[in-house]
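Student: Could you take me through one part of this structure closely? I would like to follow a single region and what surrounds it.

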Amino acid sequence: MKSPAHLFSDFKNVMYKKYGENPGQMLVHTGVLGWILSSLAQVTAVVINDKISPEQKTFLIPQEVADAFVNIVSFYVITSSFKNLASKLVSTGKLTTKPIKEFLTKQGVNSSEHIGKIGFNIENMANFNDIKGEYKSFKNGVDVVASTIGSIISCNIVTPILRNEYAAKQQKKAIAKMHGADTHELKSPRGISMDAYMKLSSAKYSSGSLKV
């Protein structure tokens, strides 16, 4: 049996082989892993909370799972899209540095025929090794920046909007189910928003132990 030191060394080697030249992808994957662990903790908290009745858990658990799905998918799609777009801009020469641009000029690359075209890839050029060091360093940096921007937009703008939209719909259904009311007939009193009314209503009828 391998010692902990050997296991850790093997783990580092695997991580380096997979992400050594692709740190942007590592940020995407670790971000998704973080969302998964956070969601598992949230669902587990609902399951083991003895202050929440079994009836309430029947709609809270599916709601938490669906909420987690929205969080994870939106984060992965948005962050990956930013990262892949940035990678494509670099590989096609649309986003570059002075040394890379000089290399392309030296190789006779025509800006109007090749630069920025989907079918063009600097990495497939015959003399790519001449610029590989500069190119990889630049591309990795761009990937990290793009992944970071994508994750910020996802976590702080897109994901909360999607999650809140879904939560509002599920909240109305949950309240209607608890009160035996028709969702379409649920209206907030004058002078108070629907969101505030649903929160107050939920708190009132959940015996003080649950806030949806």
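Tutor: Contact means heavy atoms within 4.5 Å. Leaving aside neighbours within four places in sequence, Tyr135 is in contact with Val90, Ser91, Ile100, Asn121, Ile122, Glu123 and Phe128. Let us look at the part around Tyr135.

A word on the source. This is a predicted model, where local features need pLDDT of at least 70, side-chain atom pairs count only at pLDDT 80 or more, and totals for chains, interfaces and linings use all residues. Residues are numbered from 1 along each chain as its sequence is written, and side-chain values use heavy atoms, with hydrogens and water left out.

Now the core. A nonpolar core is a set of buried Ala, Val, Leu, Ile, Met, Phe, Trp, Tyr and Cys residues joined through side-chain atoms within 4.5 Å. Buried means under 20% relative accessible area, exposed means over 50%, and partly exposed lies in between (1.4 Å probe, protein chains only). The largest nonpolar core has 15 residues. Tyr135 is among those with the most contacts inside it, along with Ile100, Leu104, Phe120, Ile122, Met125 and Ile131. Helices α3 (54-91), α4 and α5 each give two or more residues to this core. The largest share, four residues, comes from α5. Helices here are DSSP runs (H or I, at least four residues), as strands are (E, at least two), numbered from the N terminus.

Next, Glu123, one of the contacts of Tyr135. Glu123 forms a salt bridge with Lys136, with the closest N and O atoms 4.0 Å apart. A salt bridge is a side-chain nitrogen of Lys or Arg within 4 Å of a carboxyl oxygen of Asp or Glu. Glu123 lies in the loop between α4 (98-106) and α5 (132-179), and Lys136 lies in helix α5, so the pair ties together parts that are 13 residues apart in sequence. Glu123 is partly exposed, at 28% relative accessible area.

The structure holds two salt bridges. Asp143 forms one with Lys139, the closest N and O atoms being 3.5 Å apart. Both lie in helix α5, four residues apart, about one turn of the helix. Asp143 is buried, with a relative accessible area of 0%. Lys139 also counts as buried, at 14% relative accessibility.

Last, helix α3. The expected span of a helix is 1.5 Å times one less than its number of residues. The 38 residues of α3 should span 56 Å, and its end C-alpha atoms are 54 Å apart, which agrees. Just after α3, Gly93 takes a positive phi of about 85°.
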